[in-house]
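My notes follow in the order I looked things up.

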Amino acid sequence: MPQTPAELAADAIAVRHAGAFAVHVHPRDHRGAQTMGARECDAAVAAIRAAVPGLPIGLSTSEAIDPDPFARAAAFSVWRLRPDFVSVNIAELGWAGIVRAALHAGMGVEAGLATPADAEALADSPFTHQVVRALVEVEGGAEQAAAISQLVPDAVPQLWHGYGERTWEVVSAAAAAGFDVRVGLEDVLVMPDGQVAADNAELVTAAVELTDRLV
């Protein structure tokens, strides 16, 4: 699992060559803990941009990083090298303030939707047509993703991803429906055949091959 800025940059090169159109990363501090600290986030973004110019970079704003939504929103103002977009989970407390702060800072937002209620909350919000995309992320399979997807306004682009072995079911269903997909060691550790994945690039290669057959 790549963690340091240099490792993230090397991984970004590998997944770009494998077919990825963007990367979603979680910078870490010296203890290996996820962080939204300016030093670590700036270093990660700088390393990836130097290694793969033009590749869109996304960072997480999950409450698992910091349970205080005000602190997460405030972090944007001290980042010197802002990513192209951030992921914001609609189910988490204070999500609207984080979206507002990200947009004010000039960053795109992908809205994480884990349930139909999340999709409805996004659709009812003033941010519906300001987000880069809806990130449909499900613990279950394709049926759960489809139930969320149908509640996303038509004009909002969608990207699906799953967790664990059902990731590949979700990837296949998304490709068949014409949506983008995400895959990586954050979500799944095994290939479609059940073998342990060597790295993120191998997972991306498998996803590209799978979606190419379905498109």
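**Helix α1 against α8**

I looked up this pair and found α1 and α8 packed at an angle of about 15°, with axes 8 Å apart. Angles under 35 degrees count as roughly parallel, so α1 is roughly parallel to α8. I am working from a predicted model throughout. The crossing of α1 past α8 is right-handed. I listed the residues that meet: Asp11, Ala14, Val15 and Ala18 from α1, and Asn200, Ala201, Val204, Thr205 and Val208 from α8. By class I get 6 nonpolar, 2 polar and 1 charged residues in the contact of α1 with α8.

**Helix α7 against α8**

Next I took helix α7 (residues 167-177) with helix α8 (residues 200-214). Their axes come within 9 Å and cross at roughly 40°. The 35 degree limit for roughly parallel is passed here, so I note α7 and α8 as oblique to each other. This crossing, α7 past α8, is right-handed. On the α7 side I find Trp168, Val171, Ser172 and Ala175 in the contact. The α8 side brings Leu203, Ala206, Ala207, Leu210, Thr211 and Leu214. I sorted the residues of the contact of α7 with α8 into 8 nonpolar and 2 polar, with no charged ones.

**Helix α8 by itself**

I checked the length of α8. At 1.5 Å a residue its 15 residues should span 21 Å, and the end C-alpha atoms are 21 Å apart, which agrees. Then I asked which residues of α8 are buried. They are Asn200, Ala201, Leu203, Val204, Ala206, Ala207, Leu210 and Thr211. The buried residues of α8 pack against α1, α7 and β7 (180-181).

**Helix α6 against α7**

I moved on to helix α6 (residues 142-149) and α7. The axes come within 8 Å and cross at roughly 45°. I therefore put α6 and α7 down as oblique to each other. Ala142, Glu143 and Ala145 of α6 make the contact with Glu169, Val170 and Ala173 of α7. The residues of the contact of α6 with α7 divide into 4 nonpolar and 2 charged, with no polar ones.

**Helix α2 and glutamate 40**

I ran the length check on helix α2 (residues 38-51) too. Its 14 residues should span 20 Å at 1.5 Å a residue, and I find the end C-alpha atoms 20 Å apart, which agrees. Glu40, Cys41, Asp42, Ala44, Val45 and Ile48 are the buried residues of α2. I traced what they pack against: α1 (5-18), β1 (23-25) and β2 (57-60).

Glutamate 40 lies in α2, and I looked at it separately. Is glutamate 40 buried or exposed? Its relative accessible area is 17%. Buried means under 20%, so glutamate 40 is buried. Leaving out residues up to four places away in sequence, glutamate 40 touches Pro27, Arg28, Asp29 and Thr35.

**Proline 116**

I found proline 116 in helix α5 (residues 116-123). Its relative accessible area is 36%. That falls between the 20% and 50% limits, so I call proline 116 partly exposed. Beyond four places in sequence, proline 116 touches Ile148 and Leu151. I also took a distance to glycine 32. Proline 116 and glycine 32 are 84 residues apart in sequence and 33 Å apart in space, C-alpha to C-alpha.

Note on methods:
Residues numbered from 1 in each chain as written. Predicted model: local features only at pLDDT ≥ 70, side-chain atom pairs only at ≥ 80, totals over all residues. Heavy atoms only, no water. Axes fitted to C-alpha atoms, helices over the stretch in contact; angles between N-to-C directions. Helix = DSSP H or I, 4+ residues; strand = E, 2+ residues; numbered from the N terminus. Parallel < 35°, antiparallel > 145°, perpendicular 65-115°, else oblique. Left-handed = near helix turned anticlockwise from the far one by under 90°. Contact = heavy atoms within 4.5 Å. Nonpolar A, V, L, I, M, F, W, Y, C, P; charged D, E, K, R; others polar. Expected span 1.5 Å × (residues − 1). Buried < 20%, exposed > 50% of the residue type's maximum accessible area, 1.4 Å probe, protein only.
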